[in-house]
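Here is a short note to read beside the structure.

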Amino acid sequence: MPNTVSQNSPLLMGLAPVIAPDTRILILGSFPGAASLAAQQYYAHPRNQFWKLVGALVGEDLYGLPYNERLPRLLAHRFGLWDVLAACEREGSLDSAIRKPAANDFERLHKLCPQLETVGFNGQASGKFAPQFEQAGYRTVVLPSSSPAHMAMTFEQKLAVWMKLINVARQHLQCM
């Protein structure tokens with residue numbers, strides 16, 4: 001059966017941002033999948049590679065931690081987490097099934113996260129927002145999706161691209 005949205009699809013609301021005033025790197029997904037919405041946890045699908053990828057970036061096994069311990073550890077490494085969409089209609093978890101998207105209010109990021117410098121986009125759907133973040137003065141990196149639906153690349157290949165988040169931030173610090 002095709003993954004379409006019926007006329008009676010409810011408006012789905014996304015998750016709250018995981019950010020702090022000292023956040024330097026923000027990772028934006030498109031919109032939480034069905035498993036994440038049901039659990040009210042970012043990247044809750046067991047095959048999603050997000051927590052393993054970010055854990056490799058920060059040198060800590062975030063995937064092995066209970067969810068309620070992952071978020072403080074993520075923030076301790078000055079990483080933040082959010083989605084580009086605040087709400088949408090969608091059946092299933094595929095970005096291609098998103099209808100009636102409503103973007104999050106990113107205008108307030110400069111005030112909420114004054115040290116934010118780099119924004120990574122987890123996949124092509126969220127990566128469409130990169131130009132608007134570049135115009136706002138942030139460095140951006142469009143990353144291969146951590147989703148289990150995106151398995152064209154191995155974990156190691158994805159990690160090599162995700163390392164750009166750290167490398168871009170380090171290059172900026174060396175220039176200061």
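1. Start with the core. The model is a predicted one. Its largest nonpolar core has 45 residues. Trp 51 and Phe 79 have the most contacts inside that core. Which element gives the most to it? The answer is α2, with six residues.

2. Now take Phe 79. Leaving aside residues up to four places away in sequence, Phe 79 touches Thr 23, Ile 25, Ile 27, Val 54, Leu 57, Val 58, Leu 74, Leu 165 and Ile 166. Two of these, Ile 25 and Ile 27, point one way from β2. Another one of them, Leu 74, is a buried residue of α3.

3. Look next at strand β2, residues 25-29. Five of its five residues are buried, so the strand is largely enclosed by the rest of the structure. In a regular strand, side chains alternate between the two faces of the sheet. Here Ile 25, Ile 27 and Gly 29 point one way, while Leu 26 and Leu 28 point the other way. Residues on both sides are buried.

4. What does β2 pair with? One partner is β3, in the parallel sense, over five bridges. Another is β6, residues 118-122, which is parallel to β2 and joined to it by four bridges. In β3, Leu 28 stands opposite Trp 82. In β6, its bridge partner is Phe 121.

5. Turn to helix α3, residues 67-76. Which of its residues are buried? They are Tyr 67, Arg 70, Leu 71 and Leu 74. Seen down the helix axis, these buried residues fall within an arc of 95 degrees, so they line one face of α3. Their cover includes α2 (50-58) and β3 (79-83).

6. Arg 78 follows α3. The phi of Arg 78 is positive, near 70 degrees.

7. There is also an open sheet of three strands. Its order is β1-β4-β5, and the pairing is antiparallel. Which strands stand at the edges? They are β1 (12-13) and β5 (99-103). Each has a single partner strand, so one side of each is left without a neighbour in the sheet.

8. Within that sheet, follow β1 to β4. Strand β4 covers residues 85-89. Two bridges join it to β1, and the two strands run antiparallel. Met 13 has Ala 87 of β4 as its bridge partner.

9. Step back to the whole chain. The secondary structure comes to seven helices and seven strands. From the N terminus on, the elements run β-β-α-α-α-β-β-β-α-β-α-α-β-α. The radius of gyration is 16 Å, close to the 16 Å that the globule rule gives for 176 residues, so the protein is as compact as a globular protein of that length. Along the principal axes, the C-alpha atoms fill a box of roughly 55 × 35 × 30 Å.

10. Buried residues make up 44% of the 176 residues. Take the contacts between residues at least 6 apart in sequence: 63% of them join residues at least 24 apart. The accessible surface comes to about 9,200 Å². Carbon and sulfur atoms account for 55% of that surface.

Technical notes: Residues are numbered from 1 along each chain as its sequence is written. This is a predicted model: local features need pLDDT of at least 70, side-chain atom pairs count only at pLDDT 80 or more; totals for chains, interfaces and linings use all residues. Side-chain values use heavy atoms; hydrogens and water are left out. Buried means under 20% relative accessible area, exposed over 50%, partly exposed in between (1.4 Å probe, protein chains only). The arc is that of the directions from the helix axis to the C-beta atoms. Contact means heavy atoms within 4.5 Å. Two strands pair if DSSP finds at least two bridges between them. The radius of gyration is taken over C-alpha atoms; the globule rule is 2.2 Å times the number of residues to the power 0.38. Accessible areas come from the Shrake-Rupley method with a 1.4 Å probe; for residues, only the protein chains shown count as cover. A nonpolar core is a set of buried Ala, Val, Leu, Ile, Met, Phe, Trp, Tyr and Cys residues joined through side-chain atoms within 4.5 Å.
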